[in-house]
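Please examine the sequence and the predicted model shown below.

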Amino acid sequence: MKKILSIFILLHLAVFASAQLKPRPDAFPSVPENLDSKAVTMATTIDEMASWDRYPTYPVYLEMMQRWATEFPTLCHVDTIGTSVQGRLILSIYIQTQTDDDLYRPEFFYSSTIHGDEVTGYVMMLRLIDTLLHGYGSNPQYTSLINRTRISINPLANPDGTYRQNNNTVLGAVRYNAHNIDLNRNYPDPFLPAKSAVEPENDSMIAYFNAHHFRLSANLHGGAEVMNYPWDCFTSQQNSHPAADWWKEVCTRFVDTSRHYNANHFVDTYSSGYTAGGDWYVIHGGRQDYVNYYHNCLELTMEISSQKTLSSNRLPSYWEFLQHSLVNYIEEIHSLPDNLSISQHPSQSSSFSVYPNPAIDCITVGPTSQNTPLELRDINGRTLQVVKPTNKQPTILDISHLPAGIYLLHCGGATAKVVKVQ
Ligand SMILES: [Zn+2]
């Protein structure tokens with residue numbers, strides 16, 4: 001009876017858990033949301049964007065970006081990050097005052113719609129650019145923020161996905177780029193070998209990150225309303241992000257501010273409105289982990305609307321509830337946590353140890369099982385050495401021929417970081 005009762009309780013818990021936890025939309029192919037053409041209204045001229053209740057056609061989007069640069073030449077310019085597979089432009093508005101002589105002014109980056117059909121963030125970013133630029137000199141918060149921060153805003157990271165049907169509509173938008181690749185699974189993964197070549201959109205985004213020193217960023221998505229902080233490729237139990245406590249505070253501030261304007265948002269996934277990415281669903285090849293790990297930039301994934309392609313007449317109400325949080329998140333760059341080593345991976349795994357580490361010639365690894373090979377990979381995931389342990393313990397690996405750097409030693413699902421010096 002006791003056993004039957006426990007099974008009953010377990011079944012109930014399972015049902016309860018599945019009712020509580022909505023599957024991560026990133027994990028699945030997008031489901032068409034049956035948007036009819038009435039729900040999506042396009043702006044075919046720049047003037048039709050004035051009320052912000054339409055999506056811009058691709059030419060209108062280009063015109064908006066160019067107009068801001070022309071209208072505010074001392075405040076911003078357009079950066080061309082790169083081009084998509086089909087030759088569309090991946091652009092960013094870079095905001096900094098022309099008298100900017102403070103070399104230590106931190107750089108912030110917003111980017112949206114890496115998934116082409118998640119277009120709420122696209123319009124939010126356009127409106128944020130417009131609001132910041134027009135508010136400079138009159139709104140004390142925006143003025144102060146721009147005077148202290150370099151801000152780059154990329155409204156559309158995957159234009160081929162968004163304008164899949166044609167340049168004049170976002171109806172028919174898809175998640176993928178024109179090679180049908182999910183760009184948010186296509187970044188170099190810190191802990192797994194690459195599955196495919198980096199796509200042109202991501203390649204140019206990586207170059208943009210290399211050319212800058214962004215310290216805080218966010219990548220905007222849709223399909224849920226939840227703030228998703230790193231890591232995506234680990235659960236927090238496996239490897240908690242070194243800034244996890246800070247992220248929770250930042251997410252709470254973002255969600256609370258939004259709920260102040262509309263209490264019904266950020267409730268569809270977690271009651272707190274935020275989660276560590278891997279606790280929701282583990283993914284690999286996402287931009288968030290890439291940016292955190294390889295660029296020491298704190299990046300967060302913002303899932304900002306339950307619907308991926310929001311009816312255009314709902315865009316203004318989303319702006320009302322998100323605008324203050326979006327501006328305040330930029331402010332967070334001035335309160336980053338101290339002494340943070342983002343490129344942190346346990347140098348000792350839970351199941352085996354490596355010593356000495358850092359090492360010059362050889363590393364000693366143990367305990368190891370005879371049936372489980374040790375695999376040494378470089379930081380890009382390429383396998384360099386595979387060693388099958390013998391019954392002679394511990395196992396010694398010669399790494400004297402390797403250039404100095406960071407390597408990852410994998411063994412039976414556990415990983416340890418190995419630092420080679422000299
Ligand atoms: Zn997404």
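Helix H2, residues 58-71, lies across S3 and S4 and runs at about 145° to S3. Helices (H or I, at least four residues) and strands (E, at least two) are DSSP runs, numbered from the N terminus. Contact means that the C-beta atoms of two residues, placed from the backbone, lie within 7 Å. Axes are lines fitted to C-alpha atoms, for helices over the stretch in contact, and angles run from 0 to 180 degrees between N-to-C directions.

This is a predicted model, in which local features need pLDDT of at least 70 and side-chain atom pairs count only at pLDDT 80 or more, while totals for chains, interfaces and linings use all residues. Residues are numbered from 1 along each chain as its sequence is written.

## The sheet of eight strands

Strands S3 and S4 belong to an open sheet of eight strands with mixed pairing, in the order S3-S4-S6-S5-S7-S10-S8-S9. The edge strands, each pairing on one side only, are S3 (76-83) and S9 (274-276). From one strand to the next, the twist averages 20°.

Two strands pair if DSSP finds at least two bridges between them. Strand S4 (residues 89-95) pairs with strand S6 (residues 150-154) in the antiparallel sense, over three bridges. Within this pair, Ile 93 stands opposite Ile 153 of S6.

Where does Tyr 270 lie? Tyr 270 is in the loop between helix H7 (244-261) and S9. Tyr 270 counts as buried because 21 C-beta neighbours lie inside 10 Å. A residue is buried if 20 or more other C-beta atoms lie within 10 Å of its own, exposed if 12 or fewer, and partly exposed in between, with C-beta atoms placed from the backbone.

Not counting residues up to four places away in sequence, Tyr 270 touches Val 226 and Thr 275. Tyr 270 and Trp 280 are ten residues apart along the chain, and their C-alpha atoms are separated by 9.3 Å.

## The nonpolar cores

A nonpolar core is a set of buried Ala, Val, Leu, Ile, Met, Phe, Trp, Tyr and Cys residues joined through C-beta atoms within 7 Å. In soluble globular proteins, nonpolar side chains tend to be buried together. The largest nonpolar core here has 80 residues, of which Met 124, Met 125, Ile 129, Met 227 and Cys 251 touch the most other members. Helix H3 (residues 120-135) gives the most to this core, with eight residues.

When neighbours within four places in sequence are left aside, Met 124 is in contact with Leu 220, Ile 304, Tyr 318, Trp 319, Leu 322 and Leu 326. Another core, of twelve residues, lies apart from the largest one and includes Val 354, Ile 363, Val 365 and Tyr 407.

## Two helices against H10

Two packed helices are described by the angle between their axes and the distance between the axes. The axes of H3 and helix H10 (residues 315-331) come within 10 Å and cross at roughly 60°. These two helices are therefore oblique to each other. Angles under 35 degrees count as roughly parallel, over 145 as roughly antiparallel, 65 to 115 as roughly perpendicular and the rest as oblique. Residues of H3 that meet H10 include Val 123, Met 124 and Leu 128, and on the H10 side Tyr 318, Trp 319 and Leu 322 are among those involved.

The axes of H7 and H10 come within 7 Å and cross at roughly 150°. That angle makes H7 roughly antiparallel to H10. Among the H7 residues at this meeting are Arg 253, Phe 254 and Tyr 261, and those in H10 include Phe 321, Leu 322 and Tyr 329.

An open sheet of three strands has the order S11-S12-S15, with antiparallel pairing. Strands S11 (353-355) and S15 (395-398) stand at its edges with a single partner strand each, so one side of each has no neighbour in the sheet. S11 and S12 (residues 362-366) pair over three bridges, and Ser 353 has Gly 366 in S12 as its bridge partner.

Leu 376 is found in strand S13 (residues 374-377). Leu 376 counts as buried because it has 22 C-beta neighbours inside 10 Å. Leu 376 and Tyr 407 are 31 residues apart in sequence, yet 6.9 Å apart in space, C-alpha to C-alpha. The contacts of Leu 376 beyond four places in sequence are Leu 384, Gln 385, Leu 397, Tyr 407 and Leu 409.
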